Amino acid sequence: GRFVVLASGRGSNFQAIIDRVHDGYINAECSGLITDNPDAYAIKRAHNAGIPAEVVPYRNFPDKIQYENALMEVLARYNPDLVVLAGYMRLLGERIVDAYTGKMMNIHPSLLPAFQGLHAQRQALTYGTKVAGCTVHFVTHDMDAGPVIIQRTVPVLDDDDEETLADRILVEEHQAYAEAIKLFFEKRLRIEGRRVRILPDS
Ligand code: GRF
């Protein structure tokens, strides 16, 4: 199987995922990185790994429809079995989401359904929760709300600020995402309504 990654910035999840392809944990090929941001550090990571990087620069399009048409075309060219959103900071339109139902994942730095949207770690600190974490989920029309694949937790410590908490969650994100993608390509994820059943290793 093969997948593409969409990322908008730093790309540490992208890096963790391709590292786990290279060490054989994920049995699939990463055939491309697509970004909306010409300055994304993820592009450099793709080059270093010999993975093609495609920039579909959001700002150069007159409107969101035309941007998404261009993105759709690039995606279709790769014809991926799975689309991995890893720090991709835009909401995808219905047409793209529909084209990849059950074949598109996202990661969010909270224990969903708590703290959807931006600055999830800050939201957890503001609320005062004692645990935080991350969620890998299938993408549906509603933001940060699709069927949950994997969640991992971390403690929130008294002295945490946004950065220390985000760093602690990020370590778990990297593991959770690799595991979710591995399971997907082992055909061990079965969506049953809102729930995702993880089938045993056969
Ligand atoms: C991660 O915390 C991810 O959960 C969130 O944005 C951040 C992206 O980090 N959606 P990176 O680009 O993968 O380093």
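**View 1. Helix 5 against helix 6, two helices that are oblique to each other.** In this predicted model, the axes of helix 5 (residues 120-127) and helix 6 come within 9 Å and cross at roughly 120°, and the two helices are therefore oblique (angles under 35 degrees count as roughly parallel, over 145 as roughly antiparallel, 65 to 115 as roughly perpendicular and the rest as oblique). Axes are lines fitted to C-alpha atoms, for helices over the stretch in contact, and angles run from 0 to 180 degrees between N-to-C directions. Gln121, Arg122, Ala124 and Leu125 of helix 5 meet Glu162, Leu165, Ala166 and Ile169 of helix 6, where contact requires C-beta atoms, placed from the backbone, to lie within 7 Å. By class, this contact of helix 5 with helix 6 has five nonpolar, one polar and two charged residues (Ala, Val, Leu, Ile, Met, Phe, Trp, Tyr, Cys and Pro count as nonpolar, Asp, Glu, Lys and Arg as charged, and the others, Gly among them, as polar).

**View 2. Helix 1 against helix 6.** Helix 1 (residues 12-22) packs on helix 6 (residues 162-185) at an angle of about 45°, with the axes 9 Å apart, and these two helices are therefore also oblique to each other. Helix 1 passes helix 6 in a right-handed crossing. On the helix 1 side, Ser12, Asn13, Ala16, Ile17 and Arg20 meet Leu170, Glu173, His174, Tyr177, Ala178 and Ile181 in helix 6. The residues of this contact divide into six nonpolar, three polar and two charged.

**View 3. The shell around the ligand.** Of the 13 residues around the ligand, Arg10, Ser12, Asn13, Gly87 and Pro109 come nearest, a residue being near if its C-beta atom, placed from the backbone, lies within 6 Å. Helix 1, strand 5 (104-108) and helix 6 each supply at least two residues of this shell. By class, the shell holds five nonpolar, six polar and two charged residues.

**Numbering and confidence.** Residues are numbered from 1 along each chain as its sequence is written. Because the model is predicted, local features need pLDDT of at least 70 and side-chain atom pairs count only at pLDDT 80 or more, whereas totals for chains, interfaces and linings use all residues. Helices (H or I, at least four residues) and strands (E, at least two) are DSSP runs, numbered from the N terminus.

Definitions and conventions. A crossing is left-handed if the near helix is turned anticlockwise from the far one by less than a right angle, and right-handed if clockwise. Two residues are in contact if their C-beta atoms, placed from the backbone, lie within 7 Å.
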